[in-house]
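Me: I'd like to learn how to read the core and the sheet of a protein model. Could you walk me through one?

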Amino acid sequence: MVDLEKELKLLLKTGKCYYGFKEVLDALYHKKVLGIILASKIPKEIYSKILYYAKLAETPVYIFNGSSIELGNLCGKKFPITSIAIISPGESNIFELFKT
C-alpha cells in the first residue's frame, strides 16, 4: 500500500507539479499532465470541470477522499488545494495510487 502523505511530499520535493484549479486546467489545456489528484469535497463546478478536461486529455485522476484543506495539509501547505497536476513524478511512486 502506498502512503499518500509520504509520496506527496516526495513528489513536491523531487518531481514537478502544479496545484490549484487554474494551474491544473492550464496544464490540462497544454496536455502536459501525467496524472491528477483531486480532492472530493470541493465545489461541484470545479470538480466536474477538472474531470471533464481530464477525460478529454485522457489523463488519469485519483480522487482524494477528503477536503481541499486536508489535501493542502498533506502537501505541507497552509492553504486549501483542490487539485494537483503531476508533470513529473520525480523519485516518488505516486502513480501506484492510480492503479488502485
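Reply: Gladly! In soluble globular proteins, nonpolar side chains tend to be buried together. Here the largest nonpolar core has 30 residues, and Leu8, Ile36, Ile37, Leu71 and Ile84 have the most contacts inside it. Such a core is a set of buried Ala, Val, Leu, Ile, Met, Phe, Trp, Tyr and Cys residues joined through side-chain atoms within 4.5 Å; buried means under 20% relative accessible area with a 1.4 Å probe, protein chains only. Two or more residues each come from α1 (4-14), α2 (21-29), β2 (35-41), α3 (44-56), α4 (68-74) and β4 (83-88). Helices (H or I, at least four residues) and strands (E, at least two) are DSSP runs numbered from the N terminus.

Me: How far can I trust these values?

Reply: This is a predicted model: local features need pLDDT of at least 70, side-chain atom pairs count only at pLDDT 80 or more, and totals for chains, interfaces and linings use all residues. Residues are numbered from 1 along each chain as its sequence is written, and side-chain values use heavy atoms, leaving out hydrogens and water.

Me: In what order do the strands of the sheet stand?

Reply: Strands of a sheet pair through backbone hydrogen bonds, either parallel or antiparallel. In this open sheet, 4 strands follow the order β1-β4-β2-β3 with mixed pairing; a pair needs at least two DSSP bridges. β1 (16-19) and β3 each have a single partner strand, so one side of each lacks a neighbour in the sheet.

Me: How many bridges join β2 to β3?

Reply: There are 5, and β2 and β3 (residues 61-67) run parallel. Lysine 41 stands opposite serine 67 in β3, while alanine 39 has phenylalanine 64 as its bridge partner.

Technical notes. Buried means under 20% relative accessible area, exposed over 50%, partly exposed in between (1.4 Å probe, protein chains only).
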